[in-house]
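Dear colleague,

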Amino acid sequence: DLLESNDSDIPASIKEKYTLTKTLGRGACGEVRLAFAKGSCEKFAVKIISKKKFTTGGQHAVNLSKQVMSEVKILKALKHPCIIGIEDVIDTKEVLYIILELVEGGELFDKVVSLSQYDEPTAKLLFYQMVVACKYLHDQGITHRDLKPENILLQSDEKETLIKITDFGLSKFVDAGSLMKTFCGTPTYLAPEILVTAGTGTYTKAVDAWSLGVILFICLSGYPPFSDERKEMDLPKQIMGGHYSFPKQYWDGVSEEAIDLIKKMMTVDAKKRITLADALNHPWFKDEEMMKKAKKLMYPESDGMVPPSAALRSPKKRGLENGSGEEPDS
Ligand SMILES: c1ccc2c(c1)[nH]c1[nH]cn[n+]12
């Protein structure tokens, strides 16, 4: 269709390395197409970002692309099993091509819709990965800013699968216009402080904890905590006031711990909101079964290995440890 970037304007720098085929999806920043690397035939997802959307004027394009490139260098250095890998970036005058890891399980969003809602154990397994992945981004100094089920991809069609967070970090380049886009879109996942400061405030990592809380709410209930169906109160007001609830007919089967974690993540006051580090220590995640499954999904090569036991430790060190030097009780 007309919107399709017709293949004649794909630069040689891409064409010599990749064959672009069908469109996988269309995001806010541009479209994502399936690509095959020439030679290896390895499959990738290519995010095509037209810079026009990013720049307010001509000259900005130059230094903006320098910024984007330095940011992309940081993103390329990221390596985590639950973060979509960036293979390559090809920057041209008009368009930025980001070659990304391909996953075949589609978006969490579509899965929640098709399942209507997740059973709690599966929701816990997937959500644990999201928190671990987002904490990794925070530890690398990156705030996602736009966490939503559309940006959480699934590695496979299995219910218990690896999740992959995508579209992180780049959103900081959206100029005022796109900040307006943030306000144009439905703020379903938007943290209250972004609405209160009307976007002028400084983003902190806490915004990601809020969005994750909204995602968990949806995974466990199948519907969003705030909706614009409510006539008496518009969406921003519901969010800024933290006007959400857990009606029995949808939440009866959900554990108190899960609801407690949602409340701690969806705390309006960003300063009082739970951090991701503390979220990982929440009682809801104290679940051997889930942790074992998560570890197996994230680090399959480690599957079946057992941690070294004390007995394997060198005698010298052991002597020091318990002083007497006799065999420690195994
Ligand atoms: C960013 C946006 C969409 C993506 C993606 C990276 N990787 C992948 N695999 C299937 N869709 N898709």
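The helix α4 passes helix α12 in a right-handed crossing, where right-handed means that the near helix is turned clockwise from the far one by less than a right angle, and left-handed that it is turned anticlockwise. Helices (H or I, at least four residues) and strands (E, at least two) are DSSP runs, numbered from the N terminus.

Before going further, please note that this is a predicted model, in which local features need pLDDT of at least 70 and side-chain atom pairs count only at pLDDT 80 or more, while totals for chains, interfaces and linings use all residues. Residues are numbered from 1 along each chain as its sequence is written, and side-chain values use heavy atoms, with hydrogens and water left out.

On the α4 side the contact (heavy atoms within 4.5 Å) is made by K124, L125, Y128, Q129 and V132, and on the α12 side by M290, M291, K293, A294, L297 and M298. These residues divide into 8 nonpolar, 1 polar and 2 charged, where Ala, Val, Leu, Ile, Met, Phe, Trp, Tyr, Cys and Pro count as nonpolar, Asp, Glu, Lys and Arg as charged, and the others, Gly among them, as polar.

Helix α4 also packs with α7, at an angle of about 165 degrees and with the axes 10 Å apart, and the two are therefore roughly antiparallel to each other. Here α4 contributes E120, A123, F127, M130, V131, C134 and H138, while α7 contributes D208, L212, I215, L216, C219 and L220, and these residues divide into 10 nonpolar, 1 polar and 2 charged.

Helix α7 has another partner in α10 (residues 256-265), for the axes of these two come within 8 Å and cross at roughly 150 degrees, in a left-handed crossing. The residues from α7 include W210, L212 and F217, and those from α10 are A258, L261, I262 and M265; the contact holds 10 nonpolar residues, 1 polar and no charged.

In the loop between α7 (206-221) and α8 (235-240) you will find Y223, whose side chain is joined to that of W251 by a polar contact of 2.9 Å; a polar contact is a pair of N or O atoms within 3.5 Å, and within protein one must be able to donate a hydrogen and the other to accept it, with residues adjacent in sequence counting only if both atoms are side-chain atoms. Y223 and Y250 lie 9.1 Å apart in space, C-alpha to C-alpha, although 27 residues separate them in sequence.

Lastly, the ligand is surrounded by V32, A45, I84, L100, E101, L102, V103, L153 and T166, each with a heavy atom within 4 Å of it. A nitrogen atom of the ligand lies 2.8 Å from a backbone N or O atom of E101, and a ligand nitrogen is 2.9 Å from a polar backbone atom of V103.

Terms used. Axes are lines fitted to C-alpha atoms, for helices over the stretch in contact, and angles run from 0 to 180 degrees between N-to-C directions. Angles under 35 degrees count as roughly parallel, over 145 as roughly antiparallel, 65 to 115 as roughly perpendicular and the rest as oblique.
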